[in-house]
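Colleague: Let's go through the labels on this one. For each, tell me what backs it up.

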Amino acid sequence: MSYLTFDSEKKFDLVAIGRLCVDLNANEINRPMEETMTFTKYVGGSPANIAIGLSRLGMKTGFIGKIADDQMGRFITSYLEKNEINTDSVITDKTGAVTGLAFTEIKSPEECSILMYRDNVADLKLEPTEVSEEYIKQSKSLLISGTALAKSPSREAVFMALEYARKNNVPVFFDIDYRPYTWTSEAETAVYYNLAAEKSDVIIGTREEFDMMEKLLNLEESNDQVTAERWFSHNAKIVVIKHGGDGSIAYTNDGKSHRGGIFKTKVLKTFGAGDSYASAFIYGLMHDYSVTEAMRFGGASASIVISKHSSSDAMPTVEEIKGFMETAEEVLQKA
Ligand SMILES: Nc1ncnc2c1ncn2[C@@H]1O[C@H](COP(=O)(O)OP(=O)(O)O)[C@@H](O)[C@H]1O
Ligand SMILES: O=C(O)C[C@@H](O)[C@H](O)C(=O)COP(=O)(O)O
């Protein structure tokens, strides 16, 4: 059963909108940040990682975003181009804004954290007038990511993109991607997340992220099913709730639920799991996989990425994922 319709005539499989940043991942693992001396530079930012993941899977992708007019900005554009991501809608900031940086700390495979430098970042300066309807119209799908809603004008740019997608029947994937440090108030956060989710066809988030969206609603009780069902009266066809090493569960607007287990792996660090899961899951849905098969594919991709050092550069190809699935131990989630 297919829950989404993608127009095969379109030039792009997916266009992503949001942040293009730089990750500086600790080279010295099992060490706190205070004692970490060297880092490796990668392109980062959740929607950038997802677009890179899809491109590695052979999908035609494009990006709408804003980069700093400096060496870091140029590093990002050239990496996207090397990965065959169209950059026609990547705009260079002219106000002196800088590239967002994410320093990662790997204290142990289970204890990872991110230290973000996000003052005056170029990605949040994307203007609604810089979002092209024509560009979105040329794509089979649009990916939005919640962090871009944190501030104006990037917030309005995302709502413009949503408007163009809806107007042109382009299905929208919404990765909640909640980064508390980019937001100032809980109410503002929940309001904008809920407004974007209402307009989305597929919503992907962790249990904690959905809890944040529900915090102000005074629900008598919530669980994954209650969470998902709220969105089916709007535009959602699929809602995915991720539970880290316990796998994931998806609900569909025909009343069904679908369980996703995990593949065992030697975890190096936990970040990058969500982005690799999203890219391979989207790939699966766009290739007519069942929801369960798309979740398995997502879980396998996540398993590969968390065993490697980066979130973006480690994104696997279809062959790598399929090969991994043949040999890795799968842990199914209990019904
Ligand atoms: N320790 C782990 N071992 C194997 N797979 C994992 C592990 N942690 C996460 N995953 C996979 O990655 C997916 C997304 O992880 P999760 O941590 O929930 O998202 P996020 O990175 O967005 O917080 C999970 O549904 C699971 O398939
Ligand atoms: O999103 C960022 O700005 C940082 C990412 O590039 C980083 O690799 C990361 O945190 C990925 O997170 P996840 O996939 O949500 O685990």
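Modeller: First, helices are DSSP runs of H or I with at least four residues, strands are runs of E with at least two, and both are numbered from the N terminus. In those terms, Asn169 sits in the loop between α4 and β9 (172-175). Its phi is positive, about 55 degrees, although Asn169 is not a glycine. This is a predicted model, where local features need pLDDT of at least 70, side-chain atom pairs count only at pLDDT 80 or more, and totals for chains, interfaces and linings use all residues. Residues are numbered from 1 along each chain as its sequence is written, chains are lettered from A and ligands numbered from 1 in the order written, and side-chain values use heavy atoms, without hydrogens and water.

Colleague: Why is α9 called roughly perpendicular to α10?

Modeller: The axes of α9 (residues 291-305) and α10 (residues 318-327) cross at roughly 95 degrees and come within 9 Å. Roughly perpendicular covers 65 to 115 degrees, so α9 and α10 qualify.

Colleague: What makes Arg155 a charge over the ring of Tyr192?

Modeller: The rule wants NZ of Lys or CZ of Arg within 6 Å of the ring centre and within 35 degrees of the ring normal. The charged end of Arg155 is 3.7 Å from the centre of the Tyr192 ring. Lys41 likewise lies over the face of Phe75, at 4.0 Å from the ring centre.

Colleague: What links Phe174, Tyr178, Trp183 and Tyr193 into a cluster?

Modeller: Ring pairs do. Rings of Phe, Tyr and Trp (its six-membered ring) pair if their centres lie within 6.5 Å. The whole structure has 13 aromatic pairs.

Colleague: How do you know which peptide bond is cis?

Modeller: Omega from Ser152 to Pro153 is near 5 degrees, and that bond is cis. Pro153 lies in the loop between β8 (142-145) and α4 (154-167).

How values were computed:
Axes fitted to C-alpha atoms, helices over the stretch in contact; angles between N-to-C directions. Parallel < 35°, antiparallel > 145°, perpendicular 65-115°, else oblique. Phe/Tyr/Trp six-rings, centres within 6.5 Å; stacked < 30°, edge-to-face > 60°.
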